[in-house]
Amino acid sequence: MSVSLSAGTEAPAPERALGSLPSTDAEIRRNIAARRARGAVWRWLFAGALAFGILALATLLCTVVDGAFGLAVYEHSVDPRELSDRSLEELSQPELVEIFRANVSAGLFRRYDRERPLAERSAEDVRELIYERVVERRVVASYGLGESLLRRAAVERETAERHPGGVLEWRSWVSLDFLTRPMSSVPERAGIRTALLGSVWMIALTMLIAFPVGVAAAIYLEEFAGRSWWNRLIETNINNLAGVPSIIYGMLGLAIFVRALEPLTSGRALGAEGVNGRTILSAALTMALLILPLIIISAREAIRAVPSSLREASYGLGATRWQTVWHHVLPSALPGILTGTILGMSRAAGETAPLIVVGASTFIVSDPSGPFSSFTALPVQIYNWTSQPQETFRDIAAAAILVLLALLLSLNAAAVLLRNRFRRMY
Amino acid sequence: MTVAQGVSNGTYAIETRDLSVYYGSFRAVKNVNLRLEPRKITALIGPSGCGKSTVLRTLNRMNDLVPGARVEGEVLFQGKNLYARDVDAVEVRRRIGMVFQKPNPFPKSIYDNIAFGPRINGWKGSKADMDNLVEASLRGAALWDEVKDKLHESGLALSGGQQQRLCIARALATQPEIILMDEPCSALDPISTLKVEELMFELRRNYTIIIVTHNMQQAARASDYTAFFLMDSDRAGQLIEYGPTQQLFTKPSDKRTEDYISGRFG
């Protein structure tokens with residue numbers, strides 16, 4: 001249907017076609033139904049995208065959990081029941097030492113005794129030694145959680161065939177022992193204490209460096225710097241830096257912190273007994289550089305979001321720029337700044353590449369004791385374990401991933417709690 | 001340029017001479033000459049975009065905060081040009097207080113809202129002195145009776161009208177010599193507006209008040225002097241007429257003033 005609109009009292013407009021709109025009830029309803037249908041298609045597409053993401057995440061979690069728990073087949077060279085008529089757990093320290101002496105070669109015994117006299121070791125230590133050197137209990141095969149639960153019979157049959165002397169046992173690869181034991185080249189005796197401590201040290205130092213520097217830079221850029229081309233150039237480049245691949249930061253850290261600043265990062269300049277620059281401090285400085293753009297960008301956004309009416313109120317009372325920033329802008333922007341910092345912290349905790357370049361060791365037995373210790377970190381350890389040939393390393397890698405996830409979640413939860421406290425105050 | 005007809009002689013609270021304000025290359029205000037009487041209420045009126053707020057904000061150098069803003073001419077306050085090289089904008093704002101269009105209390109307690117100004121300006125005294133100062137400021141803004149039992153609750157929990165009076169109390173606490181008000185009632189309901197106007201009459205005894213308003217009734221009933229601004233052909237704001245409110249509203253000397261106050265445009 002064509003419509004012609006009258007021009008009222010104005011001069012009549014020249015005759016032109018004005019097109020047509022659906023006009024009968026049926027036409028209007030059909031048109032609306034068609035538009036609705038188009039919207040519904042998009043809605044399903046969006047829901048599908050979300051479902052895909054959730055599915056991928058769920059699969060990841062399942063894989064990790066599947067690897068971290070399940071049945072394991074143990075074998076031992078000597079049955080512990082043959083060593084004593086009582087169980088090893090009930091024996092006293094001198095009895096255990098006696099069993100150890102009787103079952104290892106004289107040379108091996110002397111070696112352990114020289115390391116630390118056996119008489120001085122605790123009963124647990126000696127028992128561990130017996131398990132390690134005499135019983136030689138080891139995992140010869142392991143099964144994932146899914147297999148262990150659903151195909152139990154098949155697993156038992158396979159074990160009986162391939163490992164006649166083997167014992168099938170449930171095993172959780174994440175355990176208190178796993179958390180508290182140091183590195184070991186034997187996967188079932190390996191723990192992640194050093195990696196966990198290394199990660200915690202590194203994250204703490206990284207935040208200590210990156211947070212104040214990042215927030216200070218953001219305040220300068222937002223509140224003090226003018227709009228000169230020079231400042232705009234700096235701003236653009238900070239945004240670009242956020243997109244630089246992390247391995248390049250690793251190279252930078254290697255060149256500057258590990259090599260050029262070695263006296264400082266090894267701690268020798270400060271009186272510590274550092275060996276080289278491959279220390280927690282170097283790693284933390286590198287990570288701080290890596291997350292600095294993230295923190296600066298998010299802090300700037302948060303500062304910019306502070307309403308100008310708040311600034312004007314403060315200036316209107318005769319406050320200086322610094323008083324305005326300190327008393328009003330920063331407290332209001334803090335929740336937003338913390339959100340960005342949480343993201344940066346998670347990034348620092350999970351990065352692997354720069355740590356490997358900067359020189360995280362993969363095998364460290366002693367705990368890191370300060371900024372100048374050599375170190376390893378959880379992601380580096382996981383990377384290392386997944387590249388080992390033995391199957392069991394993959395199980396403990398899965399367990400380590402769970403620990404890393406738990407560490408990340410608890411760090412984030414702590415930061416979110418802190419942020420909410422500030423929100424309530426303002 | 002019409003200047004100060006019928007304005008009494010003597011010293012002025014503040015005076016502008018050939019004041020022009022630029023935002024970048026755009027001239028927002030052109031050659032304003034205005035002499036403001038001490039302890040009176042002067043209203044700046046005019047249609048949107050005529051530069052009345054800009055003029056107000058140049059009086060305590062609030063425009064310094066706007067990137068690209070530039071001022072030509074002079075603003076004389078106690079015989080000194082506020083835009084002279086050796087004048088500190090912080091000192092200007094400390095002595096010429098401001099109340100804004102939208103109530104903007106700090107997200108702090110009522111008490112801290114008032115105490116902030118004195119504290120940052122180097123106030124010295126005991127806790128009891130501060131209590132007295134807070135009470136005096138709130139009484140000065142006719143807010144004391146309403147908030148005396150909840151001084152440590154957030155200033156944001158108050159109603160819009162109360163918030164605006166809190167902002168006035170906050171400005172009073174630093175004991176300014178002039179109070180600038182930028183459309184202080186535009187976000188308020190009529191009853192709150194009335195309260196703020198009554199308050200202005202009270203404050204007139206001790207302070208010079210300059211108020212920007214786009215409400216002509218408000219200018220007519222609540223001011224002693226009125227200045228009328230209008231954009232000229234190149235969109236720069238100009239002072240058209242300035243005089244006692246009574247005279248400007250009943251016998252305007254400029255045709256454009258008459259057109260505006262009789263509602264023919266704007």
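Among contacts in chain A between residues at least 6 apart in sequence, what percentage join residues at least 24 apart? In this predicted model, the share is 74%.

**Figure 1. Chain A as a whole: 18 helices and 3 strands.**
Start with the overall shape. The radius of gyration of chain A is 32 Å, well over the 22 Å from the globule rule for 426 residues, so chain A is more spread out than a compact globule. Its C-alpha trace spans about 120 × 65 × 40 Å along the principal axes. Buried residues account for 33% of the 426 residues in chain A.

**Figure 2. Helices α11(A) and α13(A) cross at roughly 135 degrees.**
The two axes come within 9 Å of each other.

**Figure 3. Helices α13(A) and α15(A) pack with their axes 8 Å apart.**
The angle here is about 150 degrees. Angles over 145 degrees count as roughly antiparallel, and therefore α13(A) is roughly antiparallel to α15(A). The crossing is right-handed. From α13(A), the residues in contact include A:Met287, A:Leu290, A:Ile291, A:Leu294 and A:Ile295. From α15(A), they include A:Val329, A:Ala333, A:Gly336, A:Ile337 and A:Leu343. By class, the contact has 13 nonpolar, 6 polar and 2 charged residues.

**Figure 4. Helix α14(A) meets helix α15(A).**
Helix α14 covers residues 308-316 of chain A, and helix α15 covers residues 321-350. Their axes come within 10 Å and cross at roughly 160 degrees. The two helices are therefore roughly antiparallel to each other. This crossing is right-handed. On α14(A), the contact is made by A:Leu310, A:Arg311, A:Ser314 and A:Tyr315. On α15(A), it is made by A:Thr324, A:His327, A:His328, A:Val329 and A:Ser332. By class, there are 3 nonpolar, 5 polar and 1 charged residues in this contact.

**Figure 5. A:Leu270 lies in a loop of chain A.**
The loop runs between α12 (262-265) and α13 (280-304). Is A:Leu270 buried, exposed or partly exposed? It has 13 other C-beta atoms within 10 Å, so A:Leu270 is partly exposed. Now find A:Gly144. A:Leu270 and A:Gly144 are 126 residues apart in sequence. Their C-alpha atoms are 49 Å apart in space.

**Figure 6. Chain B as a whole: 10 helices and 10 strands.**
The radius of gyration of chain B is 18 Å, close to the 18 Å that the globule rule gives for 266 residues, so chain B is as compact as a globular protein of that length. Along its principal axes, the C-alpha trace spans about 55 × 45 × 35 Å. Of the 266 residues in chain B, 47% are buried. Among its contacts between residues at least 6 apart in sequence, 70% join residues at least 24 apart.

**Figure 7. Chain B touches chain A.**
How many residues of chain B are in contact with chain A? There are 19, and they contact 16 residues of chain A. Elements α2 (89-95), β6 (96-99) and α3 of chain B each give two or more residues to this side. By class, the side of chain B that touches chain A has 10 nonpolar, 5 polar and 4 charged residues.

**Figure 8. B:Ile110 lies in helix α3 of chain B.**
This helix covers residues 110-120. B:Ile110 has 28 other C-beta atoms within 10 Å, so B:Ile110 is buried. Not counting residues up to four places away in sequence, B:Ile110 touches B:Val147, B:Lys150, B:Leu151, B:Glu153, B:Gly155 and B:Leu166. B:Gly140 is 30 residues away along the chain, and its C-alpha atom is separated from that of B:Ile110 by 15 Å.

Key
Residues are numbered from 1 along each chain as its sequence is written. Chains are lettered from A and ligands numbered from 1 in the order in which they are written. This is a predicted model: local features need pLDDT of at least 70, side-chain atom pairs count only at pLDDT 80 or more; totals for chains, interfaces and linings use all residues. Helices (H or I, at least four residues) and strands (E, at least two) are DSSP runs, numbered from the N terminus. A residue is buried if 20 or more other C-beta atoms lie within 10 Å of its own, exposed if 12 or fewer, and partly exposed in between; C-beta atoms are placed from the backbone. Two residues are in contact if their C-beta atoms, placed from the backbone, lie within 7 Å. Axes are lines fitted to C-alpha atoms, for helices over the stretch in contact, and angles run from 0 to 180 degrees between N-to-C directions. Angles under 35 degrees count as roughly parallel, over 145 as roughly antiparallel, 65 to 115 as roughly perpendicular and the rest as oblique. A crossing is left-handed if the near helix is turned anticlockwise from the far one by less than a right angle, and right-handed if clockwise. Ala, Val, Leu, Ile, Met, Phe, Trp, Tyr, Cys and Pro count as nonpolar, Asp, Glu, Lys and Arg as charged, and the others, Gly among them, as polar. The radius of gyration is taken over C-alpha atoms; the globule rule is 2.2 Å times the number of residues to the power 0.38.
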